[in-house]
Amino acid sequence: MGARGRLMRLTPYLLLAPGMLWLIIFYVYPGIQMFISSFWSGTLETGFTVSLDNWTTYTDALTRYEPQFARSLVYGAAATTICFLISYPLAYTIAFRGGRYKNVMLFLVIAPFFTSFLLRTQSWKIILGDDGILFGPLKDAGFLPPEFRVLATPAAVVAGIAYNFLPFMTLPIYVSLEKIDGRLVEAAKDLYAGPWRPGGTIAGAIIGTIVGAGLGAALSYDILVMAIVGLGAGLVVGSLFVSESFLRIVLPLSLPGVFAGSLLTFIPAVGDFVNAEILGNTQTRMIGNVIQSRFLENNDYPTAAALSFILMAGILAMVAVYAKILGTEELTSAG
Amino acid sequence: MSDNARVDSPIRPSVVLRAGRYLHHNVLYVYTAFAILYLMLPVAVMALFSFNDPPGKSNVAWHGFTLDAWLHPFGVPGLFDVVQTSLGVAFISTIVATALGTLIALALVRYNFRGSATTNMLIFLPMATPEIVLGASLLTLFVAIGEPPFFPTNFITILIAHIMFNISYVVVTVRARLYGFDRHLEEAAMDLGANEWITFWKVTFPIILPGVMAAALLAFSLSIDDYVITSFTAGRTSTFPIFIWGSARVGVPVQVNVIGTAFFLIAVGFVVITTYLQSRANRPPRPSEPAAIKQPVPEPALAAGSEA
C-alpha cells in the first residue's frame, strides 16, 4: 500500500509536468527575460550587455510614447464599452428568449469569428472605405457630405477592435445570464415587481449622456452632439425596457459575467495593433504598433522590451485586483 | 430590459404605453437579427470579394464577377507554400497542445493536490496576456539564446509559441467537459478487473473524447489564424496570416479571399456536422449513460469562445 499510495500522490504532478514545464519555460521565463532585456544596451551585431544604469530606457520610453499609451487605454475603454452595449441585449435575448433556437443563435454569433482575424479587418476596410459599399451610395444620394470619412479615423480603429473582440464580451455575459434561475424573475413579478418607469427614465438619461459624451471624447467627435444622442437613447431604453425585476434580479446576477467580459475584452484591445495598422492612420497608432515596429523593424530590443514589460505589468496588476475581488473561476470558465 | 438606439421610432405620446409593450415583446428579436447581420457582414464581404475581377492587385472595389480565383486558388506565387506551412504548424501544435492540456485538465479535475491554485493561475495567465506581450517576450528569449535552433527564429520557434498559447485553451475546454464526470464508472471498471490503463482507454477516454475533440478544433483554429504571436517568432518563415499582412500594403490578392472563405466554410461545416452527430448520439437518452455527457454549453460556444 505504501508504494502505491506514494504513486497515487505523485500522479497529478506527473500529469501536470510536461504541460506546466512548457508554460514555465516558454511563458513565465520569457517574461523574466523580457525584464532583463529591457536593461540591455548594444545591438544585435555587437551583442548585448546588461546594466542597471539602463533604467533610463523606461523613463525615455514612457515620455516618448506617452501619447500612444494614453491612446491605447482610451481606445481600449471605448471599444470595451461598445462591446458591452452590443453584447448585453444580444446575450440576454439568446439566454432568455432563445427557446429552442438558443444554440443556433449562439452559433450564428460565434461563426463569423471562424474567419481569419486579418481578413475580417480587411473586410471592414472595404466596407468603411470613403467611397466604399456603405458610404459611397449614401454620399451619392446626398445623405452624407462628400468629405465625410470613417476609415483612417479613431472611430474606425475602435469599431474594428470592438468587432474583433466582441465574443470575449458576449460569451461571459451569456454564461452568467444562462445560469440565472427563471423562477427568481417570476417570484419578483409575483411580489409586484413591475416596470421601473420614473427611475429608469432618470437613470437612462444620466447614463446615456455620460456614455455618449465619453465615446464622443474618445473618438474625437463633437462631445455635445454625442451626449445628446446618448441622452435620447438612454431615455428610450431606460423608460421602456428596464423593469424592476431586471434591475433587482437579472442585472446583479449577471455582473460577474460583465466584469469578466470587460476584462477579457479590454486586455487584448489595449495590446492590439492590427486594427490601428489596417483601419487607422499615423495619428491613431497604439502602443502595440510601437512595440511591434521597435522589435521587428528597428531591432530596438531594449526599448521594445521595456514597453512590453510596462504593458504586461499593468495588465497583471489589473488581473490581480480582479482575482482578489472576484476570483478567477468566472474568467476561466467563460474564457 | 435594454435596447439599441437604432430601433427608436417616432412615438406619439398617446400610444407610448402600447408601443412600449409591443416593442418590449419584439424589439429584442429585431435587435438580435440586426446584430447577427452586423457580425456576418465582413464575412459576406470577404466571400463576395473572392469573386471579384479587379484589374490590378488592389481588391477593395468591386469590378465584376469572375470564378477565376476559385478555379486557380493557388495562382499567386508563394501562396501554396504559406498555406502548407500554416497547416503544418496547426496540425503539429494542435496534437502536442491537446495532449499536454488534456493531461493538465485530468490532474486539475480528478485530484486534490498542493499547488492546484497556482496551476490554475498559470493556466489562466497566458489567456489574459495580450498576444503582443506573448510574442515579444518569446522573441527576447530567442534573441537572448542567440543560436540555432532558436535564433534566427524559424518554423520550430513558431511551433513552440503555438503550443504555448494553445495549452491553456485546451485545459479550459477539456476541464469544462470533465466537471460532473461520474467516477463510479471507473470504479465499476476496476471492480470488474480492469487495470488503470485499460480503464482509462475503455472508460475515461471515450467519455472525455468529445471535449478533447472540441479542444483540438479550437487549438487548430487559433493556430491557423494567429498573426500577432507568429509575426514575432517566424523570422523568415511565412504563414498564411503573415502572407496576408505582407500583401495588405500592396493589395491582398483575390485568391486570399478564396482561401479565407474556404477555411471559414470548412470550419463551420465541421462544427455543424460534429454538433449534429453528437446531438443525434445523445438524443435517445439511454439510462446507462451518465448525465455528464450532455453538456449545457454547446461545442461551438467553447470552440470560439476564446477566438480572435
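These questions and answers walk through a predicted model with chains A and B.

Residues are numbered from 1 along each chain as its sequence is written, and chains are lettered from A in the order in which they are written. Local features need pLDDT of at least 70, side-chain atom pairs count only at pLDDT 80 or more, and totals for chains, interfaces and linings use all residues.

Me: How many helices does chain B have?
Reply: Helices are DSSP runs of H or I with at least four residues, and strands are runs of E with at least two. Chain B has zero strands. Its helices come to 12.

Me: What share of chain B is buried?
Reply: A residue is buried if 20 or more other C-beta atoms, placed from the backbone, lie within 10 Å of its own; it is exposed at 12 or fewer, and partly exposed in between. Chain B has 308 residues. The buried share is 43%.

Me: Which helices do the buried residues of α10(A) pack against?
Reply: The buried residues include A:G200, A:G204 and A:L215. Contact means C-beta atoms, placed from the backbone, within 7 Å. The partners, in chain A, are α3 (66-97), α7 (154-164) and α11 (223-241).

Me: At what angle do α9 and α12 of chain A pack?
Reply: Axes are lines fitted to C-alpha atoms, for helices over the stretch in contact, and angles run from 0 to 180 degrees between N-to-C directions. The axes of α9 (residues 182-190) and α12 (residues 244-271) are 10 Å apart. The angle is about 145 degrees.

Me: Which helix of chain B gives the largest share of the side that touches chain A?
Reply: The contact takes 83 residues from chain B and 89 residues from chain A. On the chain B side, 16 residues come from one helix. That helix is α1 (residues 16-48) of chain B.

Notes:
Contact = placed C-beta atoms within 7 Å.
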